[in-house]
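Dear colleague,

Please find below the structure that I am handing over to you. My findings follow it, with the criteria stated as each term comes up.

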Amino acid sequence: TERKTADRKDSGKEEQKMELNLGDKVVYQIYPKSFRDSDGDGIGDLNGIRKKIPYLAKLGVDVLWLNPIYASPQVDNGYDISNYREIEPTFGTMEDFGNLLAEAHEAGLKIILDLVVNHTSDQHPWFQESRKSKDNPYSDYYIWKDEVINNWGSSFGGSAWEYAEERAQYYLHCFAKEQPDLNWENPKVRQEVYDILRFWLDKGIDGFRMDVISLLSKDQSFPDGPVIQNKAYGSYYAGCANGPRVHEFLQEMNREVLSKYDIMTVGETPHTNADEAALYTDESRKELNMVFHFDHMHLDYDENGKYATNRVPLVALKKVMTQWQDKMHECNGWNSLYWCNHDQARAVTRFGNDSEEYREISAKMLGTCLHMMQGTPYIYEGEELGMTNADFTKIEEYKDVEALDIFKDFTERKGFSKEDTLHLLHLKSRDNARTPMQWDASENAGFSEAQPWIRVNANYKRINTENALADSDSVFYYYQKLIALRHELPIITDGVYELLDAENEKIYAYLRKGEKESLIVLCNFTDETVEYEVDESVKAERSKLVISNYKDAPEKFASKITMKPYGAYVYYTK
Ligand code: GLC
């Protein structure tokens, strides 16, 4: 089958080459566990996704990204893989996957999978073998040391080194101890990974989102990391992020596998600034199409890191977004655009306003601000409804390994009260994004017949797709329009981004400039009405409003504009 798929590219008639044509594509992220349960076990599954293809097609997105669907003990919800060639049984079978892929393709939707190859599950046969002895074929598949050789802490608490008695050595795990890091220095490991890639690409999938791909290459001196954010341990980023051989590995992967298929790739790259990202995404270097950075996600951190009560300051947000817009344009790279995903709080709660009064209007404003930028927008399931953070009140309602670790660390070691810690989890926990998708007002939000694995947000009776589809003014239809605009107006793909009024604390104003046309994008990030004067350099004699979240928005651009609370106004001029 490998031949066949490779031929497909050569014949060039079947599918359009995505790499050349990413510009106007929009990706929708599905968290399979929480999307739709079809078999009544309270856990979402592949057949559940199949049922919702018409919904996704109606929204108008081009690509679906599925979080990991492979066999996994689910310590980290599928980011701990025990068999890369099997479907997680609670999600379905390989046949179900084949059907999903075929039906998605029929509906004009591409599918990309999550590739998790910085680490495996400790239940993976490679690790089961590796831990047995120092001299078996898998001994060097992971990173083993006689002693704890540095101060690194794992992302989910405790030391990043765990002792394995059989082998009388320690192994490295940047994440949970059930997620041992693979040893990419070993060429056999790399070949194993390339085989896994081929296995899925030969089934006809359309690409990969690559988990923590910036961490693959470890500095072999394993230097101590700084202790930041009042943590108990040092940061492993010191020796893992953008390590000495990461670009060599990705270029090898590209040469041996990726370049042979018509696919898209997006790397998740923690600890990577725009200059480093240029190395991953500059087309001429043949690595990845684009990366997810975290610079805008870090703007509301405090001395304890992510779990903080700060709001993102708009001036800083504009600065970060602008840096990335400029850098990716300049280096011939490409941006991925996102406000939220399965690891982040809900966009409307974090960046907008989830009160009854402003939830919908601010969700639309956020969508506008992001979707008019250059790059590939990612919509996280439920974002198109303006779904909000979870409403959990007890620690028992949280399921995520990170949330449980933070609760323990903050209440036991840092001395925070339980109430304060629960409040921080409410603001920032990854579970905020993982509550079941809200389909209708029936029991369990139409997600499942059974009790869901994680509690549904009580606001599902109001906020659900059934209501959204019945209301022509809903966030759903607004997102549908944003997506359609990207498909229609080349300026959204190609226009040069230019920030206006950088120091304004309330308004995010920018241009997209083409040779003969341009877009003026104006977004009010506050709940106040702002009398705004657009920079005098901006002239638009003939203009038309292309989208706004207010019905009475002026049809023509004028440099003095009354911007209503969370108002968003986009003008096209020629
Ligand atoms: C990425 C994933 C996250 C996971 C981690 C370890 O950050 O998005 O969900 O826990 O990698 O695989």
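In which sense do E6 and strand E8 pair, and over how many bridges? E6 and strand E8 (residues 169-172) pair in the antiparallel sense, over two bridges.

Before the details, a note on the source: this is a predicted model, in which local features need pLDDT of at least 70 and side-chain atom pairs count only at pLDDT 80 or more, while totals for chains, interfaces and linings use all residues. Residues are numbered from 1 along each chain as its sequence is written, and side-chain values use heavy atoms, with hydrogens and water left out.

**The sheet**

The pair belongs to an open sheet of three strands, ordered E6-E8-E7, with antiparallel pairing. Its edge strands, E6 (144-145) and E7 (161-164), each pair on one side only. Trp 144 has Tyr 171 of E8 as its bridge partner. Two strands are taken to pair if DSSP finds at least two bridges between them. Helices (H or I, at least four residues) and strands (E, at least two) are DSSP runs, numbered from the N terminus.

**The ligand**

There are 13 residues around the ligand, and Asp 76, Asp 211, Glu 268, His 342 and Asp 343 come nearest; a residue is near if one of its heavy atoms lies within 4 Å. By class, this shell has seven charged, four nonpolar and two polar residues. Here Ala, Val, Leu, Ile, Met, Phe, Trp, Tyr, Cys and Pro count as nonpolar, Asp, Glu, Lys and Arg as charged, and the others, Gly among them, as polar.

For the side chain of His 119, the distance from an N or O atom to a ligand oxygen is 2.9 Å; for that of Arg 209 it is 3.0 Å. A polar side-chain atom of Glu 268 lies 2.9 Å from an oxygen atom of the ligand. The ligand taken alone exposes 300 Å², of which the protein buries 95%, by the Shrake-Rupley method with a 1.4 Å probe.

**The cavities**

Three cavities of 30 Å³ or more are present. A cavity is a set of points, on a 1 Å grid over the protein atoms alone, where a 1.4 Å probe fits but cannot get out; lining residues have an atom within 4 Å of a point. A volume is the space filled by probe spheres set on the points.

The largest cavity holds about 60 Å³ of space. Its lining includes Trp 339, Arg 346, Glu 383 and Tyr 479, and helices H12 (347-350) and H13 (359-371) each supply at least two residues of it. Eight of the lining residues are nonpolar, one is polar and two are charged.

The second largest cavity also has about 60 Å³ of space. Among the residues lining it are His 293, His 296 and Trp 324. Helix H11 (314-330) gives the largest share of that lining, three residues. The lining has four nonpolar, five polar and no charged residues.

Yours sincerely

Technical notes. A polar contact is a pair of N or O atoms within 3.5 Å; within protein, one must be able to donate a hydrogen and the other to accept it, and residues adjacent in sequence count only if both atoms are side-chain atoms. On a 1 Å grid over the protein atoms alone, a cavity is a set of points where a 1.4 Å probe fits but cannot get out, and a pocket is an open set with protein on both sides within 12 Å along at least five of seven lines; lining residues have an atom within 4 Å of a point.
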